Amino acid sequence: MAKTKIQVMHEDVQIPFENDEKIIGKWKIIGEYNNRTEFDLGQTRQEESIGNRNGEVFFLPNGEWYWCYSWTKGKLLVDNGDSSYVNDFTTEKRSDGFYMFVNLKSYDYLQNGRTTLLVLQQCDRHPYTAKDIARKDNISLPFRDDPNIKGKWKSVAFVLDKNDFDPQNIASSSDLYFKEIEFLPNGECVSLYGNETISGRDCQEWTNGFVLRKWNSTACAYEIRRIDGTDYLFIEWKSGDYRWGGFDTDFYVFMKS
């Protein structure tokens, strides 16, 4: 009960933007420390899940959000969907570069109210955009038919790996964000995400083996697996973790409706 109580935190991250030109660009994570003394001594601790797979965080012009990050002067804003929090930071010019010291509201903060020290070093001052730094797939694949995929499929599970799927433990589609997809002839498809319906060739298409989501340049591979006499459709879910984090894809699982 105590663990559940401290796992999430919601602070208002939709705060007015105040510019600071000198921090715009790409930053690499040097490490996480209990305090400044430990940083000076080089005593790192195990890091929280901050930044992409390469240990980088981008500060985009005008505080543009990407993935779960934004900023305003002196504050790193984080909203990962489960928690949102405002982290104060200072900057310092040192002999070997420009550094940022973030008072990070990590798991320790949720547990005991103490921030940890996240240290970053600026790599460049390029004014990237969220679109610039997003991972992009080849979505210009020619149409190839797949008679087995046509029709409407409704989601029953979300898994990190295909082999994690258990047909005995399926969810209600109302609990899942990607609720259904219908594969129409000649590469057209209609998807329901939450309460939003996505359709039209300018937004997405399909070809044998892939759903091509044009609005975010992702080619999501699909596979039909027959399990205990039932066909299940697995579709890659390429979220911000994939597009900006560099992590592997997750999967939605569907049944023919």
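## An exposed asparagine, N186

N186 counts as exposed, with 53% relative accessibility. The cut-off for that word is over 50%. This value, like the others here, comes from a predicted model.

N186 lies in the loop between β9 and β10. Its phi is near 65°, a positive value in a residue other than glycine.

## The strands on either side

Strand β9 covers residues 178-183, and strand β10 covers residues 189-193. The two run antiparallel. Five bridges join them.

β9 and β10 belong to an open sheet of nine strands. The order is β11-β10-β9-β8-β16-β15-β14-β13-β12, and the pairing is antiparallel. Which strands stand at the edges? They are β11 (196-198) and β12 (204-207). Each has a single partner strand, so one side of each is left without a neighbour in the sheet. On average, neighbouring strands of this sheet are turned by 25° against each other, direction ignored.

In general, strands of a sheet pair through backbone hydrogen bonds, either parallel or antiparallel.

Where is N62 placed? N62 sits in the loop between β2 (56-59) and β3 (69-72). Its phi is positive, at about 65°, although N62 is not a glycine.

Is N62 buried or exposed? N62 is exposed, with a relative accessible area of 61%.

Note on methods:
Residues are numbered from 1 along each chain as its sequence is written. This is a predicted model: local features need pLDDT of at least 70, side-chain atom pairs count only at pLDDT 80 or more; totals for chains, interfaces and linings use all residues. Side-chain values use heavy atoms; hydrogens and water are left out. Two strands pair if DSSP finds at least two bridges between them. Helices (H or I, at least four residues) and strands (E, at least two) are DSSP runs, numbered from the N terminus. Axes are lines fitted to C-alpha atoms, for helices over the stretch in contact, and angles run from 0 to 180 degrees between N-to-C directions. Buried means under 20% relative accessible area, exposed over 50%, partly exposed in between (1.4 Å probe, protein chains only).
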